[in-house]
Amino acid sequence: MSTIKVNIVTPDGPVYDSEANMVIAVTSTGELGILPGHIPMVAPLEIGAVRLNKENGTERVAVSGGFLEVRPDKVTILAQAAELSEDIDADRAIEAKKRAEGRLQAKQDDTDFKRAELSLKRAMNRLNVAKGNF
């Protein structure tokens, strides 16, 4: 089976650089599956899991927004933040989830609800990717 080159880059540097048979990402219009030879395109990414299907299984990367650029032989993901499933500290993600839930439940006037909701989404995404739930 043919493969496509995949690069995932954040402001802190490269996170992933390898080949995959298929890339599945969450865009603003839904999930997008990319196979080798896909038409060129650019799409905004949502907070979600990027699944990289390979011959020997599936690798997962938690992505916190960004952009996806597709060329027939290469996929480049420019993400605000990204972590491989094996690099995610589940305890830290659980604590971040609890903090975000606490801010949302407190209903204080100075709480930035949109920011708290995004924090909760990021924490839940990291937990789901770490546990293999997606």
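Which side chains meet in a salt bridge with an N to O distance of 3.2 Å, one of them being that of E31?

Mentor: In this predicted model, the side chain of E31 meets that of R51 in a salt bridge, at 3.2 Å from N to O. The pair links distant parts of the chain, since E31 belongs to strand β4 (residues 30-34) and R51 to strand β5 (residues 41-54), 20 residues apart. The two partners may be set side by side in terms of accessibility. E31 is exposed, because its relative accessible area of 53% lies over the 50% cut-off. R51, at 14% relative accessibility, counts as buried, because that class covers values under 20%.

The salt bridge of E31 and R51 belongs to a set of six in the structure. Another of the set joins K5 to D17, with the closest N and O atoms 2.3 Å apart. This pair, too, links distant parts of the chain: K5 is in strand β1 and D17 in strand β2 (residues 13-20), twelve residues apart. K5 counts as partly exposed, with a relative accessibility of 28%.

A further salt bridge is formed by E69 and R71, whose closest N and O atoms are 3.2 Å apart. Here E69 is partly exposed, at a relative accessible area of 29%, and R71 likewise counts as partly exposed, at 42%.

Technical notes
Residues are numbered from 1 along each chain as its sequence is written. This is a predicted model: local features need pLDDT of at least 70, side-chain atom pairs count only at pLDDT 80 or more; totals for chains, interfaces and linings use all residues. Side-chain values use heavy atoms; hydrogens and water are left out. A salt bridge is a side-chain nitrogen of Lys or Arg within 4 Å of a carboxyl oxygen of Asp or Glu. Helices (H or I, at least four residues) and strands (E, at least two) are DSSP runs, numbered from the N terminus. Buried means under 20% relative accessible area, exposed over 50%, partly exposed in between (1.4 Å probe, protein chains only).
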